Amino acid sequence: MGFSSETKQNSLLSSEPGIQRTQYPYVTGSSVVALKYKDGILMAADMGGSYGSTLRYKSLERIKPVGKHSLIGASGEISDFQEIMHYLDDQVLNDNMWDDGNSLGPKEIHSYLTRVMYNRRNKFDPLWNTLVLGGVKKGQKFLGVVTMIGVNFEENHVATGFGNHMAQPILRSEWHENLTFEEGVTLLEKCMRVLLYRDRSAVNKFQIAKITEEGVTISQPYALKTFWGFKAFENPTAGADGSW
Amino acid sequence: MSNNSCMDLPAKGGFSFDLCKRNAMLSQKGLKLPPFRKTGTTIVGLVFQDGVILGADTRATEGPIVCDKNCEKIHYMAPNIYCCGAGTAADTEAVTDMVSSQLQLHRYHTGRESRVVTALTLLKKHLFNYQGHVSAALVLGGVDCTGPHLHTIYPHGSTDTLPFATMGSGSLAAMSVFESKYKEGLSRDEGIKLVSEAVCSGIFNDLGSGSNVDVCVITKGHKEYLRNHMLPNPRTYVSERGYSFPKKTEVLMTKITPMKEKVEVTEGGDAMEE
């Protein structure tokens, strides 16, 4: 995979002309927010793919099931996400071929992804994604994150990108153990609504995915209700003529 | 016009860029400038039923160090107008002091209560003039004869008029609270609770903000400055051992002389001479 002229170039590729790796992302997905609830994991992401400052794709599925026990959500470069799905499909296929009654759980996939991302980063050729991995196996819930430089951790509630700044404060104050499904969805929708108001790359078309011991359910795309009717927005300069 | 004549007289006002070339040369040689004291910050404001509520945290940072654990970020502009400041502390203090005194002079001149738009225009004129080099991001709020007003002012001089606003490094955390919980026509207590919640969100989720919450409630004809309204970061651990400084100097003799008997106090007296 790839060219083997690394030896010559000493991996400081900018110093030698010839091969250039991906330096920046092109088609990007916005934030992913996920949390643990009573029966498993809930994950939400919008369906937008931005091409720089254009909203190019509005029906991208950024949450996908992996094997029987996991869900993966990705933000960042979409083509790299598709590549990661390709690797994961290979892993799942390999696992199925063993036909030993055991199947890859979320912890194993999280570990595999960490290795992949970290190794690519060491070769100065990162997969430009922040991945959220959630799943339930044998009653044990798992929710973790892997970033493009290989940082990985597990938590009760996670968010990527802009979600870290806007959704995590809400989750930190309102998440608690054993949320019901409805409470979890309300909380996620609250976060996604705030992101919709304040993140320029967000679109009003979401999917919420749920994974429990029984399996994966990814909802149909739907839109959130927003409120723009504040009286103060209607005539903001009333009483202050000339300002804006 | 030769350069020599310019060198003799110092510039009358504004910024002088004489030392920029020297600074560039020094930084090339590896000298680092001392960091500004910034107020890494969460400042918020919202309009409620009867007026405006402003809120701010109380941490001032100098790079990675907290240099003031309990500073005041809500500045007085006029009896009915207050202004929260984020950015470089010196800039916010100087700019608000300057405009506050201009407003006072204007009040003497007109004999009327100051209006929030006046403060807004004076601030934005000054900031635009300095093209963003005066690093002050402000949330200006007050109640005047035309009603309650809330504005944000950016370092480059642009302004917004909003029902709720946040600025500073903790603005995203505070804004997430406002966006999910703000309603029109809040009562005073609901408003104070929401403002405190937003500032706390900034304090606990942003590294540049911390310590306590200051709140200022402005209504028609009345204002309340609630300094340290909430103290969510108390010092909880105090070592029971106390301090034990090793005794270094031996005490040979102790003599206490009360000074009051030796001094004559005269009322009045002469004014101080130059």
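# A walk through chains A and B

Start by selecting strand β2 of chain B, residues 43-47: five of its five residues are buried, so the strand is largely enclosed by the rest of the structure. Buried here means under 20% relative accessible area, exposed means over 50%, and partly exposed is in between (1.4 Å probe, protein chains only). Strands (E, at least two residues) and helices (H or I, at least four) are DSSP runs, numbered from the N terminus.

Before you go on, note that this is a predicted model, where local features need pLDDT of at least 70 and side-chain atom pairs count only at pLDDT 80 or more, while totals for chains, interfaces and linings use all residues. Residues are numbered from 1 along each chain as its sequence is written, chains are lettered from A and ligands numbered from 1 in the order in which they are written, and side-chain values use heavy atoms, with hydrogens and water left out.

**Stop 1: around β2(B)**

Which residues cover the two faces of β2(B)? Show side chains and you'll find Ile43(B), Gly45(B) and Val47(B) on one side, with Val44(B) and Leu46(B) on the other, all buried.

(Two strands pair if DSSP finds at least two bridges between them.) Look for Leu46(B), which stands opposite Ile53(B) in β3(B). The two strands make a hairpin, with three residues between them.

Strand β11 of chain B, residues 164-167, is another antiparallel partner of β2(B), this time over four bridges. Here, Val44(B) sits opposite Thr166(B).

**Stop 2: Thr41(B)**

Step back to the loop between β1 (38-39) and β2 of chain B and click on Thr41(B). An unreviewed UniProt entry gives this residue the annotation "active site". UniProt positions are given in the numbering used here, feature names are shortened, and annotations may be inferred rather than shown by experiment. Is Thr41(B) buried or exposed? It is buried, with a relative accessible area of 0%.

**Stop 3: β7(B) and its partners**

Next, select strand β7 of chain B, residues 81-88. Eight of its eight residues are buried, so β7(B) is largely enclosed by the rest of the structure. Strand β6(B), residues 74-78, runs antiparallel to β7(B), and four bridges join them. Ala78(B) is found opposite Ile81(B), and the two strands form a hairpin with two residues between them.

Cys83(B) has Leu140(B) in β8(B) as its bridge partner.

**Stop 4: the cysteines**

How many disulfides does a search of the whole structure find? Zero, over all chains; a disulfide is a pair of cysteine sulfur atoms within 2.5 Å. Take Cys191(A): the nearest cysteine sulfur, in Cys200(B), is 18 Å away. At 0% relative accessibility, Cys191(A) counts as buried.

Now try Cys67(B), whose closest cysteine sulfur is in Cys71(B), 7.7 Å away and too far for a bond. Cys67(B) is partly exposed at 35% relative accessible area, whereas Cys71(B) is buried at 7%. You'll find Cys71(B) in the loop between β5 (65-68) and β6 of chain B. Select Arg59(B) too: Cys71(B) and Arg59(B) are 12 residues apart in sequence and 6.2 Å apart in space, C-alpha to C-alpha.

**Stop 5: two pockets**

On a 1 Å grid over the protein atoms alone, a pocket is an open set of points where a 1.4 Å probe fits, with protein on both sides within 12 Å along at least five of seven lines; lining residues have an atom within 4 Å of a point. Grid points are joined across faces, edges and corners, and a volume is the space filled by probe spheres set on the points.

The largest pocket has a volume of about 530 Å³. To find it, select Tyr197(A), Arg198(A), Phe230(A), Phe164(B) and Glu179(B), which lie nearest its centre among 28 lining residues. Which element gives the largest share of that lining? That's α5(B), with six residues.

The second largest pocket holds about 450 Å³ of space. Of its 20 lining residues, Lys231(A), Ala232(A), Val47(B), Pro148(B) and Pro163(B) lie nearest the centre. β9(B) gives the most to this lining, with four residues.
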